[in-house]
Amino acid sequence: MIDFAFSIVKLIIIEFSRFIMGNSEYSKWIGKTQEKNDKLLPFPAQFMENTLNRDATLIEGKELPPLWHWLYFLESEKLSNLGRDGHPKKGGFLPPVTLPRRMWAGGRFWFKKPLLIGQDSLKKSIILSINEKNGSSGQLCFVTVKHEYFQNETLCLIEEHDIVYREDPKENDKLIDGVIASTDWDICEEITPSSTLLFRYSALTFNGHRIHYDNEYAINTEGYNGLVFHGPLIATLLIDLSMRLSKKTPSYFEFRGVSPISGPNAFSIASKKQGNEIILSAIKKNGTLSMKAKAFY
């Protein structure tokens with residue numbers, strides 16, 4: 001019954017998005033689907049454990065930690081098929097958005113059943129919506145993609161992934177004041193990034209985005225003050241913190257990027273229990289918010 005309700009909601013979102021887009025050149029991408037198969041081999045999970053400075057203990061049959069599915073179902077293109085930023089050129093599965101800068105804006109996750117290491121798995125993807133907007137930083141385009149992950153024909157995980165495309169920075173762009181983060185936390189831990197950590201996570205997820213390893217490109221082309229810490233890795237650290245507080249896997253998790261962490265500078269991850277949910281934040285060294293998240297148990 002729940003899966004049927006999800007299907008109805010998905011159709012409503014797709015049809016509404018098509019209505020909003022009208023005759024936009026991107027409207028034909030709404031509802032586009034893609035499927036990928038992969039076997040969740042142990043070594044990417046073990047490499048991830050080492051990358052987080054942990055002993056490699058994950059073997060076949062064990063549960064894959066939440067959000068570590070990003071180590072699998074990887075996309076590879078010839079170098080000649082990559083764009084300026086190191087991502088595959090747009091216009092395949094994702095629409096050919098002309099805005100040059102791409103970021104992971106946020107995501108929502110429904111955990112149905114653990115993904116098990118060593119098993120064959122299926123990922124089904126569909127583009128739910130494409131929305132063009134004008135923001136304080138210029139023109140924006142948001143693309144939401146829904147992913148469903150299956151093992152043995154059983155739905156294990158539902159993910160909604162928000163991508164934002166932006167204009168290149170302008171010389172006269174105004175600095176926007178950051179949102180001051182709360183200081184009332186049950187747990188607050190400092191994270192000290194390194195270029196090696198960023199490189200390893202890029203390698204594990206086969207993420208070619210140059211903002212994570214090409215310092216000159218990150219500064220001179222995309223306008224950051226140094227290498228950018230991966231948004232998905234921040235989300236992974238936040239859900240891991242929530243699980244250490246609750247001692248179990250959440251039924252639902254969501255996160256939204258507020259402001260990138262770059263430099264790479266030290267930052268904090270913080271959590272607070274509130275009823276059956278855990279409130280989470282990633283906080284820059286100046287006290288402003290980088291990411292906010294919630295986990296429900």
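Here are some friendly numbered notes on the structure shown above.

1. **What kind of model this is.** This is a predicted model, in which local features need pLDDT of at least 70, side-chain atom pairs count only at pLDDT 80 or more, and totals for chains, interfaces and linings use all residues. Residues are numbered from 1 along each chain as its sequence is written, and side-chain values use heavy atoms, with hydrogens and water left out.

2. **The overall picture.** The protein has five helices and 10 strands. Helices (H or I, at least four residues) and strands (E, at least two) are DSSP runs, numbered from the N terminus. Of the 297 residues, 47% are buried. Here, buried means under 20% relative accessible area, exposed means over 50%, and partly exposed lies in between (1.4 Å probe, protein chains only). The accessible surface comes to about 15,300 Å², and 52% of that belongs to carbon and sulfur atoms. Accessible areas come from the Shrake-Rupley method with a 1.4 Å probe, and for residues only the protein chains shown count as cover.

3. **Contacts along the chain.** A contact means heavy atoms within 4.5 Å. Among contacts between residues at least 6 apart in sequence, 71% join residues at least 24 apart.

4. **Strand E9 and its neighbours.** Strand E9 covers residues 277-284. Seven of its eight residues are buried, so E9 is largely enclosed by the rest of the structure. Strand E8 (residues 267-274) pairs with E9 in the antiparallel sense over eight bridges, and E9 is joined to E10 by seven bridges, again antiparallel. Two strands pair if DSSP finds at least two bridges between them. Isoleucine 278 stands opposite alanine 295 in E10.

5. **The turns between these strands.** The hairpin of E8 and E9 has two residues between the strands, and glycine 275 there takes a positive phi near 65°. The hairpin of E9 and E10 has four residues between its strands, and glycine 287 in that turn has a positive phi of about 90°.

6. **E10 has another partner.** Strand E10 (residues 289-296) is also joined to strand E7 (residues 252-257), by six bridges, and these two run antiparallel. Tyrosine 252 stands opposite phenylalanine 296 in E10. As background, in a regular strand the side chains alternate between the two faces of the sheet.

7. Serine 242 is found in helix H5, which spans 231-246. With a relative accessible area of 0%, serine 242 is buried. Not counting residues up to four places away in sequence, serine 242 touches Ile278, Leu280, Ala295 and Tyr297.

8. **Helix H2, inside and out.** In H2, Pro42, Pro44, Ala45, Met48, Glu49 and Thr51 are buried. The buried residues of H2 pack against helix H3 (195-204) and H5. Phenylalanine 43 also lies in H2 (residues 42-51), but this residue is partly exposed, with a relative accessible area of 43%. Leu41, Phe43 and Phe47 form a nonpolar patch on the surface, with about 280 Å² of accessible area together. Patches are made of residues with over 30% relative accessible area and no salt bridge; like charges are joined within 9 Å, and nonpolar side chains (Val, Leu, Ile, Met, Phe, Trp, Tyr) within 5 Å. A salt bridge is a side-chain nitrogen of Lys or Arg within 4 Å of a carboxyl oxygen of Asp or Glu. Just after H2, asparagine 53 takes a positive phi of about 65°.

9. **A buried glutamate.** Is glutamate 222 buried or exposed? At 0% relative accessibility, glutamate 222 counts as buried. This residue is found in the loop between helix H4 (215-220) and H5. A polar contact of 2.6 Å joins the side chains of glutamate 222 and tyrosine 217. A polar contact is a pair of N or O atoms within 3.5 Å; within protein, one must be able to donate a hydrogen and the other to accept it, and residues adjacent in sequence count only if both atoms are side-chain atoms. Leaving aside neighbours within four places in sequence, the contacts of glutamate 222 include Arg84, Asp85 and Arg101.
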